[in-house]
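I will write down each thing as I look it up.

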Amino acid sequence: MTTTKRMQLRTALAIFLCHGIVLVAHSISKLVRVVRRKDFGYKKVSVSSELRTLVVSAPYVSGRWLATYLDPIEQAFPGIRIIVVANPLHPLPEIFETVTPSSRLTTAIGADLARAVMLFSAAIRNRADVILGLHLELHGLLCLIVGRLTNASTWYFNIGGIAEIAGGGVAGGQRLFQMASVPSRKLEQRLLGVISEFDIVLSMGSSTRRYFEAAGITRPIFDVGVGVGVGDDCRCSALS
């Protein structure tokens, strides 16, 4: 097989996997929501000023990088307990509790599945009020499913801007989606459909918020600039 053929095959496989992952995650989320409402009396958790515990799924991180995105939330909700499920590159600040998948679990089922297991475990054990995903692929997808299963409110923090979603996320920084290489309007629409399932969407700027609004996202969307608090209006009204 020639190099060109191998590249084409890899791209085709990546496109197939990206569509499959997003479709499966979206379907599971909607199914769990319907089942909970029908059989268990679905009850949306209030996340107003009484927010107590937030569980975060994050990529490989450093403390300074993570603090950039979580400090505004910590400032808006004094006393909040923040639990981070990640593989940190460096020790995280003491204000964040860290849950790291064991090397044995990671070796047995892979890094992504190991993080999913620990995310679900952390949400259950700590009775999380909110599950927050930094970046949609794959952290946001995991958080949406775990939030549905645990009846926690689900937040998506868009940290990659419009590129994280546009064209199916091929320029968004997630390796598998980058391997797809060819922008896909259909995959972009599927990603937007997933975002519409979250209770709250946080963005880093007004341009991303306008993009989401123009795409038909009706969930509350808030601009959270680096180092800028979420704000009293967000905490006291929109998040309740």
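I began with strand S5 (residues 153-158) and strand S6 (residues 200-203), and in this predicted model I found that the two run parallel and are joined by four bridges. Looking along this pair, I noted that Asn158 stands opposite Ser203 in S6. I reminded myself that strands of a sheet pair through backbone hydrogen bonds, either parallel or antiparallel.

Next I asked in what order the strands of the open sheet lie. I read the order as S3-S2-S1-S4-S5-S6-S7, seven strands with parallel pairing. Strand S3 (96-99) and strand S7 (221-223) are the edge strands, since each of them pairs on one side only. I also noted that neighbouring strands of this sheet are turned by 25 degrees against each other on average, with direction ignored.

I then turned to helix H4 (residues 111-125), which lies across strand S1 (53-57), strand S2 (81-85), S3 and strand S4 (130-134), and which runs at about 180 degrees to S1.

Last, I looked up the nonpolar cores. The largest has 26 residues, and Leu54, Val56, Leu70, Ile73, Val84 and Trp155 are those with the most contacts inside it. S1, helix H2 (63-76), S2, S4, S5 and S6 each supply at least two residues of this core, and H2 gives the most, with six residues. For Leu54, leaving aside its neighbours within four places in sequence, I listed contacts that include Ile73, Ile80, Val130, Leu132 and Trp155. I found a second, separate core of 22 residues, with Tyr156, Leu187, Leu191 and Ile195 among them.

Conventions. Residues are numbered from 1 along each chain as its sequence is written. This is a predicted model: local features need pLDDT of at least 70, side-chain atom pairs count only at pLDDT 80 or more; totals for chains, interfaces and linings use all residues. Side-chain values use heavy atoms; hydrogens and water are left out. Two strands pair if DSSP finds at least two bridges between them. Axes are lines fitted to C-alpha atoms, for helices over the stretch in contact, and angles run from 0 to 180 degrees between N-to-C directions. Contact means heavy atoms within 4.5 Å. A nonpolar core is a set of buried Ala, Val, Leu, Ile, Met, Phe, Trp, Tyr and Cys residues joined through side-chain atoms within 4.5 Å. Buried means under 20% relative accessible area, exposed over 50%, partly exposed in between (1.4 Å probe, protein chains only).
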